[in-house]
There are 2 protein chains.
Amino acid sequence: MRRSIATVSLSGSLADKLTAIGAAGFDGVEIFENDLVAGAMGPEEVRARAADLGLGIDLYQPFRDFEAVPPALLARNLRRAEHKFAVMERLGATRLLVCSSVSPESVDDDALAAEQLRLLAERAAEHGITIAYEALAWGRHVDDYPHAWRIVRMADHPGLGVCLDSFHILSRETDPYAIETIPAEKIFFLQLADAPRLPMDVLYWSRHYRCFPGQGDLDVAGLVAHVLRTGYDGPLSLEVFNDIFRQAAAMRTARDAMRSLIFLEEEVGERLDAQGALNLPAPALSLPAPPPAAPVPTGFAFAELAVPEPRPLGDLLDALGFVRTGVHSGKPVELWEQGEARILLNSGSAESEDGPALGAIGLESPDPGASVKRAEALLSPVLPRSRAPRDAPLDAVAAPDGTELFFCRTARPDHPSWTDDFGRDRREPPDGEITHIDHVALTQPWHHFDEASLFYRAVLGLRPHESLELPDPYGLMRSRAASTADGRVRFALNVAYVGAHDGVPYGASHGGPGVAWQHVALASRDIAATARRLRAAGTAVLPIPANYHDDLEARHDLGAERHRLLRELGLLYDRDAHGEFLHFYTLTTGRVFLEVVQRLGGYRGYGAVNAPVRLAAQHAASRPRLG
Amino acid sequence: MRRSIATVSLSGSLADKLTAIGAAGFDGVEIFENDLVAGAMGPEEVRARAADLGLGIDLYQPFRDFEAVPPALLARNLRRAEHKFAVMERLGATRLLVCSSVSPESVDDDALAAEQLRLLAERAAEHGITIAYEALAWGRHVDDYPHAWRIVRMADHPGLGVCLDSFHILSRETDPYAIETIPAEKIFFLQLADAPRLPMDVLYWSRHYRCFPGQGDLDVAGLVAHVLRTGYDGPLSLEVFNDIFRQAAAMRTARDAMRSLIFLEEEVGERLDAQGALNLPAPALSLPAPPPAAPVPTGFAFAELAVPEPRPLGDLLDALGFVRTGVHSGKPVELWEQGEARILLNSGSAESEDGPALGAIGLESPDPGASVKRAEALLSPVLPRSRAPRDAPLDAVAAPDGTELFFCRTARPDHPSWTDDFGRDRREPPDGEITHIDHVALTQPWHHFDEASLFYRAVLGLRPHESLELPDPYGLMRSRAASTADGRVRFALNVAYVGAHDGVPYGASHGGPGVAWQHVALASRDIAATARRLRAAGTAVLPIPANYHDDLEARHDLGAERHRLLRELGLLYDRDAHGEFLHFYTLTTGRVFLEVVQRLGGYRGYGAVNAPVRLAAQHAASRPRLG
């Protein structure tokens with residue numbers, strides 16, 4: 001099937017957009033009229049440029065407010081259409097998108113709409129052009145695809161069909177099943193967009209918040225499966241209006257778009273396979289071969305911190321009960337372990353200029369090679385082996401924010417272990433309260449959040465959780481977790497707000513530490529013991545205000561003894577329907593801090609309710625002291 | 001009346017917020033619970049800090065999900081309340097906001113709600129605390145103030161009253177007239193917020209887009225007038241949840257808030273005076289003396305461009321038919337004139353480092369001194385005379401973006417004229433096609449847009465037009481015009497999008513020229529002649545693509561001759577119900593370009609429909625050439 005994308009989905013000039021679309025490997029393009037009109041390239045030049053890039057012009061769009069109007073206006077609209085047919089001929093485009101009218105001058109009369117669309121299709125045919133009629137979700141009289149299809153059927157012209165758009169259908173929760181009643185040859189085009197569920201008017205939502213399939217909450221794959229079951233074999237074409245994509249670099253957005261489409265095709269294939277198992281008729285057309293399946297990671301192998309020098313963080317790990325079990329045979333990297341929690345302190349990395357930072361994460365994979373093949377098939381940069389700072393063969397890719405992800409099999413007989421580089425005389429990890437890494441939290445640049453969200457879902461096979469908004473003293477922070485079904489690998493992705501550039505103190509401005517913090521959360525089986533251990537070592541943790549515990553006591557009645565303990569040890573508390581959560585934080589150093597958590601019962605969250613308190617305390621702790 | 005503000009309206013720690021609120025001259029503060037809970041200052045410390053700053057604690061808020069619940073939950077809720085009463089006693093706060101429940105555990109039973117709120121008021125009274133019950137617009141069972149008032153009346157306890165909130169009332173278009181049926185002593189609090197009309201769910205709208213009165217579209221003044229007519233004499237208190245204010249500097253936001261309140265009081269006073277004229281009963285309480293009335297400006301006196309050297313812009317003005325009529329007696333400033341259009345080229349200003357920039361604007365005022373007094377009363381920085389770069393006495397203030405606004409009386413016998421500084425032998429201005437300055441467009445930093453919008457409205461007495469969104473190749477640009485009723489002074493305020501920091505080329509990133517362009521639009525009575533004059537002088541203007549004229553011809557049938565002329569001269573075209581608009585642009589130099597416009601009939605707009613074409617052409621023109 002052809003992969004296509006509308007030029008409106010990307011930033012820049014039309015020339016820039018075409019270049020980016022070509023480079024990302026698309027087959028075709030929808031020319032969004034405004035991009036042509038505002039550009040200096042004439043239609044012939046656009047045609048030649050697209051051809052040079054191997055791109056077909058699959059659609060010219062949109063033509064608005066045409067149908068079901070009084071005769072005088074019809075004449076004006078036909079005149080307008082003839083001008084557009086002329087442009088399309090110069091452009092070499094043969095399909096025009098006509099979207100249902102929003103004009104107050106149009107009337108609610110299907111027969112009239114059909115008659116006028118038939119007339120338009122006849123005129124278009126004289127130019128070798130066909131018409132794809134689309135129901136806008138906010139159309140004045142025609143606002144869903146079954147209605148558009150009734151009119152197209154009534155018009156009964158071979159050059160007139162429907163255009164289906166996943167956003168218009170799924171945003172209004174129109175039942176997509178009836179798509180299968182439309183003959184494939186009358187589905188002239190398929191436009192695809194996802195969106196996060198947001199409680200707003202559909203037009204406003206559509207104009208600002210569309211995103212690529214897999215980045216939002218709509219079941220785009222389910223919709224495409226319905227379309228393919230008709231036998232549709234036209235393009236799968238992305239059409240996204242997104243305030244952030246408008247500002248981002250076109251090349252990167254185009255690659256993100258292609259990743260979305262590859263992942264979507266895989267999901268659609270799974271839906272169709274599932275239907276096959278139910279003995280439902282299979283679609284006439286087969287999808288491209290899917291990427292290799294995602295080997296679901298089974299845990300964190302390690303977290304690597306780039307540090308200017310190993311001492312202060314090593315002291316903290318020591319206080320937490322970690323032991324330095326080994327030193328890399330050839331590089332200034334220390335391995336610290338406790339249970340299955342492993343932290344690497346790398347003092348030889350260039351990333352440590354602003355103080356400690358989280359540079360790499362190791363994930364346990366059932367098949368590291370397959371994990372990398374999947375990442376590569378989904379257009380993620382695979383890190384060259386030569387760049388890997390360790391000697392054992394390691395399979396690694398770069399996450400969208402630049403964090404290196406290594407796929408590991410730690411101490412398994414079937415695969416070389418990265419731990420071998422830390423010497424044969426590696427000490428035995430101690431068995432303390434801390435058992436493993438519970439989760440890793442990464443702050444994403446604000447304009448790469450959707451890309452990151454799709455990456456963790458598509459490349460690593462994690463399941464996205466709901467999006468949250470957390471008030472920080474200097475802005476709202478968006479947060480979204482992604483985890484494996486069993487919770488053994490959990491990531492929290494935070495999106496930095498864009499700090500105002502004047503008057504906001506202490507590193508909260510754009511790119512400063514206030515919005516770029518990263519942290520590693522360590523699971524403890526006895527958080528009170530861990531907290532006491534730190535206290536005994538004289539190690540300060542993030543101070544939690546007494547006001548928090550006063551409020552906690554107002555909200556929950558945990559018994560006087562438990563409240564006393566939480567207060568004394570400075571622990572934060574949350575609970576959900578499945579269990580309870582206790583946690584505390586170390587002080588931030590560079591961009592990094594550690595969290596210690598204890599899950600009681602089946603608690604599923606990350607203590608988000610306490611994040612505002614944590615953020616305020618961190619800002620307070622990062623203020624320069626007076627005197 | 002007391003002026004108050006909720007701490008949630010500002011950014012930073014609670015200590016920062018109190019400092020900013022005190023500095024802006026407020027009388028009191030609403031302590032937003034989350035700000036207290038997340039802060040390190042204990043309640044006693046907050047109490048002392050507020051007292052030191054001269055701030056009363058007028059409200060503690062919010063207490064949620066209390067009323068109309070089953071007995072077991074009631075007991076838990078009362079326990080929770082007792083904890084909060086204890087905090088309030090330490091804080092010295094005597095009024096608690098209880099907002100209507102959103103809990104699924106609450107039931108739709110007014111009698112039960114009243115009974116439980118009465119019980120709460122009784123318990124509160126033991127601590128000297130009273131309860132202000134507020135209907136949230138999204139309350140589960142109680143979602144408007146008449147309903148909240150019915151329950152309060154039914155509960156019949158002297159320590160229980162209603163809290164009215166302009167956003168909750170006006171967002172849902174609840175009729176505010178019935179407020180006047182509530183006895184003043186039962187209105188325990190009045191919270192004020194405005195908001196732009198946005199098509200979204202009211203909760204989402206409320207959480208992200210509230211703004212200060214006068215910055216949005218709601219009739220807050222009308223609502224306050226109803227409240228004051230009851231005899232209410234409690235605080236006027238601002239409570240704003242706004243994503244941008246959360247990030248902006250607290251001191252500046254607090255001053256903006258105070259400006260909003262002063263302007264609001266003036267508007268309310270006018271409403272009440274108008275009612276007085278209708279022999280309606282006047283409110284018992286008088287508002288503070290309003291600021292001096294805004295003398296409505298009657299035109300542009302000049303626009304001053306800071307230039308590295310006068311030549312290239314002087315050549316452009318010459319080509320446009322301007323004449324250099326004078327040179328400042330003591331500074332490197334040239335005066336260029338044509339009709340009543342006056343441009344100053346100042347080559348002695350520090351502002352010209354990045355090339356030409358618009359540094360100052362002169363406005364014709366009927367009373368310059370009064371204009372400045374009003375600006376000062378509305379907390380705008382008045383520029384010290386000594387800083388004024390001219391010798392004649394000039395009255396000037398700084399607009400929020402730093403542009404200097406001078407209030408002038410040009411060549412009037414009743415007032416010294418700024419033109420006197422340009423010599424007695426000043427040449428007579430030529431009488432060409434260009435007659436005056438039509439409008440000035442200023443790009444505002446994204447986090448100061450609401451402040452600027454209120455400034456032009458409150459300080460200069462301009463009327464805001466509707467907000468528009470204009471697609472630029474690298475992001476959506478928001479634009480809002482403000483003008484005098486007669487259109488003699490028009491400003492277009494554009495808000496820059498925040499450019500992504502990687503991969504976006506050619507100055508479109510934050511703070512670059514792509515988002516900081518400013519322009520002066522000159523009115524021509526014969527734009528074709530002006531365009532030909534430039535062509536004859538060999539002066540290039542911004543090239544408009546042929547695609548634009550193809551599209552224009554599709555959209556409008558202006559006759560072959562007129563289309564030919566528009567195309568030949570590179571003119572843009574728009575029309576509205578009142579007339580037509582022709583315009584073109586010069587090339588950008590530094591941050592500045594000029595526009596030439598011709599209004600035919602009573603056209604009211606600014607050619608916004610053509611802005612995307614203009615922006616794309618400007619980005620294309622600012623690209624470095626290859627080779």
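Predicted model: local features only at pLDDT ≥ 70, side-chain atom pairs only at ≥ 80, totals over all residues.

Modeller: Let's start with H439(A): its relative accessibility is 2%, so it counts as buried, the cut-off being under 20%. You'll find H439(A) in strand β16 of chain A, which runs over residues 434-444. Leaving out residues up to four places away in sequence, H439(A) touches a whole list of others, including F300(A), R490(A), Y606(A), H519(A) and E595(A). Its side chain also makes a polar contact with the side chain of D438(A), at 2.7 Å.

The UniProt entry, which is unreviewed, puts the annotation "binding site" on H439(A), H519(A) and E595(A). These residues are spread over 157 residues of sequence, yet they cluster in space, with a largest C-alpha distance of 9.3 Å.

Now hop over to E595(A), which sits in strand β23 of chain A, residues 592-601. With 1% relative accessibility, E595(A) counts as buried too, because buried means under 20%. Again skipping residues up to four places away in sequence, E595(A) touches H439(A) and H519(A), and its other contacts include V520(A), L522(A), F581(A) and Y585(A). H583(A) is another residue it touches, and here the side chains of E595(A) and H583(A) make a polar contact at 2.8 Å.

So that's the picture: H439(A) and E595(A) touch each other, and both carry the record's "binding site" annotation along with H519(A).

Technical notes
Residues numbered from 1 in each chain as written. Chains lettered and ligands numbered in written order. Heavy atoms only, no water. UniProt positions renumbered as here; feature names shortened; annotations may be inferred. Helix = DSSP H or I, 4+ residues; strand = E, 2+ residues; numbered from the N terminus. Buried < 20%, exposed > 50% of the residue type's maximum accessible area, 1.4 Å probe, protein only. Contact = heavy atoms within 4.5 Å. Polar contact = N/O pair within 3.5 Å; in protein donor to acceptor, adjacent residues only side chain to side chain.
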